Amino acid sequence: MDLGDQIKNSRNLLVQIALVALLSSCISHNHSAGDWVLPSTLPDGSCPNISGKYTNSGLAADSSAPAYLYCELISRKSDSCSVTEAKLIDQITIDQKGTELNISALRGDDIISSVSLVSSQDDYLCKDGWIALESKGVRGYGSSAVEFASLTRNFAISQNHLLEKRRPKAFYLLVFFQ
């Protein structure tokens, strides 16, 4: 075997080793903060009790940017929630009584904003041990595109912490005119 063949074989071997290492290794894996345990599954229609007093600012598992509970529960428009407004809120209280969630945003001891959600009025559902709040919207982009989207925010308690998981759904319609 001449030197050119040896170099070619060595290069092929290195590529194969790199591919094996790449394909058999874990590139990215998100852990829940502090390796929290996910909440227990409950029968559909059974709600977890999420009553409590929570800090307004938290962190998403996939981002270093803060997430504001105010935007998730009170304004329910996290994509258009005013960060300046959200930063003024210290804590969020949730008082769950029967099928009603009374949610208040506090600055110090003062209530800045509040909302009541009632499951019998379809404000939220109870599913798999989570409280699910769904928001839907339609957006237009110029004269040729429309987006139909929904976002389900699911809340539950794990180890005395409020957890949120999001489930986005979207459908885009593009129209091309002659």
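Two strands are taken to pair if DSSP finds at least two bridges between them, and in this predicted model strands E5 and E6 pair in the antiparallel sense over 8 bridges.

Together, 4 strands form an open sheet in the order E1-E4-E5-E6, with antiparallel pairing. Because E1 and strand E6 (110-118) stand at the edges and each has a single partner strand, one side of each is left without a neighbour in the sheet. From one strand to the next, the twist averages 20 degrees. In general, the strands of a sheet pair through backbone hydrogen bonds, in either a parallel or an antiparallel manner.

As a whole, the secondary structure of the protein comes to 3 helices and 10 strands, which follow the pattern α-β-β-β-α-α-β-β-β-β-β-β-β when read along the sequence. Of the contacts in the protein with a separation of 6 or more, 45% are accounted for by residues 24 or more positions apart. Buried residues make up 26% of the 178 residues, and the accessible surface comes to about 12200 Å², of which 54% belongs to carbon and sulfur atoms.

The largest nonpolar core contains 23 residues, of which Tyr70, Leu73, Ile92, Ile94, Leu101 and Ile103 touch the most other members. Two or more residues of this core are given by each of helix H2 (69-74), E4, E5 and strand E8 (130-141), and H2 gives the most, with 5 residues.

Ser104 is found in strand E5 (residues 100-107), and Ser104 counts as buried because its relative accessibility, 14%, falls under the 20% cut-off. Residues up to four places away in sequence being left aside, Ser104 touches Ile74, Gln91, Ile92, Thr93, Ile111, Ser113 and Ser114.

Ser57, by contrast, lies in strand E2 (residues 57-59) and is partly exposed, with a relative accessible area of 42%. When residues up to four places away in sequence are not counted, Ser57 touches Pro66, Ala67 and Tyr68. Ser57 and Ile89 are 32 residues apart in sequence, and their C-alpha atoms are 8.7 Å apart in space.

Confidence in the model was considered last. The mean pLDDT of the protein is 75, and 67% of its residues reach 70 or more. Over residues 13-32 the pLDDT is below 50, and this stretch has 4 contacts in the model beyond near neighbours in sequence. Where pLDDT is low, the predicted coordinates should not be read in detail.

Key
Residues numbered from 1 in each chain as written. Predicted model: local features only at pLDDT ≥ 70, side-chain atom pairs only at ≥ 80, totals over all residues. Heavy atoms only, no water. Buried < 20%, exposed > 50% of the residue type's maximum accessible area, 1.4 Å probe, protein only. Contact = heavy atoms within 4.5 Å. Areas by Shrake-Rupley, 256 points an atom, 1.4 Å probe, with all protein chains shown as cover. Axes fitted to C-alpha atoms, helices over the stretch in contact; angles between N-to-C directions. Core = buried A, V, L, I, M, F, W, Y, C linked by side-chain atoms within 4.5 Å. pLDDT = per-residue confidence, 0-100.
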